Every structure is written in structure tokens, then in C-alpha cells.
Amino acid sequence: MSLKVGGPNELTLVRADGSELPIHPLWLRERCKDAASIDLQTQQRLQDPSDFAIDLKLVAVSQPSAGTYKVRFSDGHEASFSAEDILAEAALASNSHDCPASRLWDGKLAQLPRARWMADPGETELMSWLEAFLTWGFLLFEGVPREPGTVLKVGAKFGFVRETNFGNLFNVRSTPDATDLAYTSMSLDPHTDNPYRAPVPGIQLLHCLVNETSGGLSTLVDGFAVAQALREQHAEAFDILTSTPVRFKYIAADTELTASAPPIELDITGALKAIHFSPRLDFVPLFEPAKLDAYFRARRLFDHRLRAPDFEIRFLLKDGDLVMFDNCRLLHGRTGFDPSEGLRHLQGCYIDIDGPRSLYRVLRRRLGRASAVRRSA
Ligand SMILES: O=C(O)CCC(=O)C(=O)O
């Protein structure tokens with residue numbers, strides 16, 4: 001993409017395929033970055049843009065130097081724009097993401113994204129961890145100190161820890177008074193955590209303090225890869241799963257949470273946004289039999305794929321390993337274990353989904369990298 005002066009009163013975007021888009025004067029006016037338009041410290045607008053003249057025009061456009069455009073608007077305001085800023089904004093508007101694009105994976109993923117944990121990483125290490133996490137949707141840290149509570153320190157490195165009714169951290173171990181099947185020794189099919197909560201916790205961390213059992217293997221599935229395969233091969237099932245609201249429910253002595261979401265959530269552009277799937281907790285409303293019949297078939301297709309070895313990876317979390325994963329994209333689970341073999345104790349916590357992306361942008365600014373605008377899968 002590039003920009004050109006399209007005429008005395010036109011600034012034009014030239015797309016990669018050569019097609020042209022005249023830039024709307026109001027779109028540009030809202031992006032003025034001078035001291036009369038924004039507070040320079042907070043970068044926030046000083047004026048409500050709905051108060052600009054609805055028929056605002058460009059009355060003069062020039063290019064005083066390479067990469068800079070000067071514009072005079074019909075309300076008398078003059079502003080300079082950097083081509084880099086305008087192009088980055090234009091790319092976002094066309095559904096690109098300014099962070100590393102997701103790479104979808106399946107059960108053949110040969111090498112898991114791994115990193116040696118450092119309590120005080122340099123910015124370059126942090127950046128490479130973030131790149132791996134944003135690309136693959138998860139990252140496996142080794143050598144995380146087994147001191148209880150460390151999961152919170154790791155979480156805080158990437159975002160704000162989200163406290164829930166399970167506490168700011170939760171202990172995953174088999175107990176007789178379990179308030180969730182995770183706190184038993186049973187195997188857990190692929191699921192996303194807390195689909196009954198609004199908003200759903202975006203990122204989950206699980207830190208293995210000790211595993212003396214031979215079972216309890218961790219499983220991960222890239223839900224976006226499975227949804228994408230369904231979209232390509234069973235479009236009707238995909239449509240049903242993106243349009244049927246399913247109610248998820250959690251009940252304990254002092255908590256009762258419910259939330260509704262389609263198993264596959266799309267954003268307004270039709271791109272995959274989130275998976276909401278937990279076969280222990282989902283309740284579809286009572287629709288007409290034919291509609292329910294189609295839904296149950298579609299869910300079965302999706303679920304069978306989520307559980308198929310073609311899509312799943314399995315690994316043993318060893319003492320001091322910690323896995324951090326995107327709970328909106330990936331599903332996780334575990335194989336069952338025999339508690340009489342010994343102790344298996346993980347500690348977990350959640351952080352908000354936007355933390356790693358925010359940190360990535362801040363580090364990119366600090367490290368002075370060009371904004372890599374890439375298309376998100
Ligand atoms: O025990 C595990 O490995 C996973 C537990 C789990 O699914 C959870 O805490 O959400």
C-alpha cells in the first residue's frame with residue numbers, strides 16, 4: 001500500500017493490487033495529531049469528532065517531503081500526516097492486526113514453543129516470548145521456581161491477573177471436596193475455561209509444582225485450526241456453531257454464574273474471535289427438534305475433531321514447567337492419573353487477553369522496530 005496526492009483536494013490510498021481509495025476528509029480530520037486536535041500527553045482527542053462539519057472537505061493537499069503530507073481542511077484546520085501512520089491505520093481498518101499473526105497448528109506440531117524462564121528477562125527475551133505466544137497461542141516455560149505463588153509473578157509479567165471465585169490463583173490437585181472436575185484425578189476432554197463467566201478469562205497459566213504420577217499428561221488443541229477445518233469442509237455445521245447461543249453454567253455454594261455464547265464466535269468481519277466449549281457445562285436452549293438435531297450433529301462433528309489425535313498435542317508438565325495459553329483460541333485438557341502413585345499439584349491463574357499484545361506494542365516502540373502490520377489468521 002502507498003499514498004499519493006490524488007489531486008489538489010484529494011489524498012489517495014493505493015492498494016497492493018493497484019486499486020485506489022480516496023481518503024474521506026472526516027476520516028483524516030479525526031486523525032490529526034497536532035496540539036489543537038489532541039492532548040499531546042495522553043494522545044486523546046480534544047474535540048468530539050461528531051461536531052466536525054459533516055460535509056468537511058480537503059481544500060489543499062501537498063507533499064512537502066517524502067513520507068509527509070500536508071492537508072488544509074474546509075474548516076480552516078491545517079495538519080501534517082506521516083504516510084507511515086496513515087498506512088498503518090488504513091491496514092487496521094482492513095482487518096489486519098498489528099501484532100504477530102496467528103499460525104494455526106495441529107497434532108503434527110513438531111516443536112512446542114518453549115523458553116527457559118528468567119525472573120528478570122531483558123526486553124529482547126520478553127519480545128521473543130511474546131512473539132512465540134501470539135503466534136502459536138501458547139508458550140511452555142521451563143525452570144520456573146517451584147515456590148507456591150510463582151504463577152502469579154509469571155502472569156504479572158504479561159498482564160493483569162484476573163481474580164475469580166477460585167481466588168487469584170487456584171490449586172489444581174485431586175481433593176475429595178472438589179468444586180470442579182479439574183480438582184479430581186479424572187481425565188478432562190478439551191475445553192475452554194470458565195465459558196460461564198463474562199468476560200471469559202483470556203489467558204490461563206498452569207504451573208507444575210510437582211507431578212509424581214505417570215499420568216496427567218497435558219493436552220492442547222488449536223480451536224481455531226479445528227474451526228477453520230470445519231469452515232472449509234462442513235460449512236453448514238460451521239454456520240450452526242457460529243449462530244447458536246449456548247448457555248454455560250457453574251454452580252457452587254456461594255457462586256452461580258451463567259453466560260451465553262456460540263461455540264465458535266466470529267468478529268464483525270467474519271474472522272474467528274473465540275471458542276466457547278466445555279462439554280461438562282453447556283446447555284443449548286430448547287429449539288425446534290429439527291434445529292436441535294442440526295445443532296447436535298454439528299457439535300458432535302466439532303467435538304470429535306477437537307478430541308482427534310490429528311489436532312491434539314500431549315506433553316508431560318514436569319516439576320517447574322509452566323504453560324501459558326490463550327483461553328479464547330486453544331482448548332486444554334489432561335489425561336487421567338492415579339493419585340495413589342503420588343502427588344500432582346499445579347497452580348493456575350488467569351490474566352486478561354489484551355496484556356501480551358499491549359506489552360508487545362510497548363516493547364516494539366521501545367526497541368524501535370518498524371510496525372510490522374501483518375494479517376491475522
Ligand atoms: O490438570 C490439568 O492439567 C488441567 C486442569 C484444567 O483443565 C483446569 O484447571 O482448567
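The axes of α6 and α7 come within 9 Å of each other and cross at roughly 105°, where axes are lines fitted to C-alpha atoms, for helices over the stretch in contact, and angles run from 0 to 180 degrees between N-to-C directions. The two helices α6 and α7 are therefore roughly perpendicular, the word used for angles of 65 to 115 degrees. The model is a predicted one, in which local features need pLDDT of at least 70, side-chain atom pairs count only at pLDDT 80 or more, and totals for chains, interfaces and linings use all residues. Residues are numbered from 1 along each chain as its sequence is written.

Helices (H or I, at least four residues) and strands (E, at least two) are DSSP runs, numbered from the N terminus. The protein has 8 helices and 24 strands. Of its 377 residues, 31% count as buried; a residue is buried if 20 or more other C-beta atoms, placed from the backbone, lie within 10 Å of its own, exposed if 12 or fewer, and partly exposed in between.

Which residues of helix α6 are buried? Within this helix, residues 235-243, they are A237, F238, I240 and L241. Seen down the axis of α6, these buried residues fall within an arc of 160°, so they line one face of the helix; the arc is that of the directions from the helix axis to the C-beta atoms. On the other side of α6, A235, E236 and S243 are exposed. The cover over the buried residues includes α5 (223-233), β18 (264-266) and α7 (289-306). In the meeting of α6 with α7, A237, I240 and L241 face A294, Y295, R297, A298, R299, L301 and F302 in α7, contact being defined as C-beta atoms, placed from the backbone, within 7 Å. By class, this contact has 8 nonpolar, no polar and 2 charged residues.

Attention now turns to strand β16 (residues 246-252), which holds F248. F248 is buried, with 23 other C-beta atoms within 10 Å. Leaving aside neighbours within four places in sequence, F248 is in contact with residues including P195, Y196, T258 and L281.

Finally, what lies around the ligand? The residues there are V172, A182, L188, D193, L206, S218, H332, R334, L346 and G348, each with its C-beta atom, placed from the backbone, within 6 Å of the ligand. Strands β23 (330-334) and β24 (344-351) each supply at least two residues of this shell.

Terms used: Two residues are in contact if their C-beta atoms, placed from the backbone, lie within 7 Å. Angles under 35 degrees count as roughly parallel, over 145 as roughly antiparallel, 65 to 115 as roughly perpendicular and the rest as oblique. Ala, Val, Leu, Ile, Met, Phe, Trp, Tyr, Cys and Pro count as nonpolar, Asp, Glu, Lys and Arg as charged, and the others, Gly among them, as polar.
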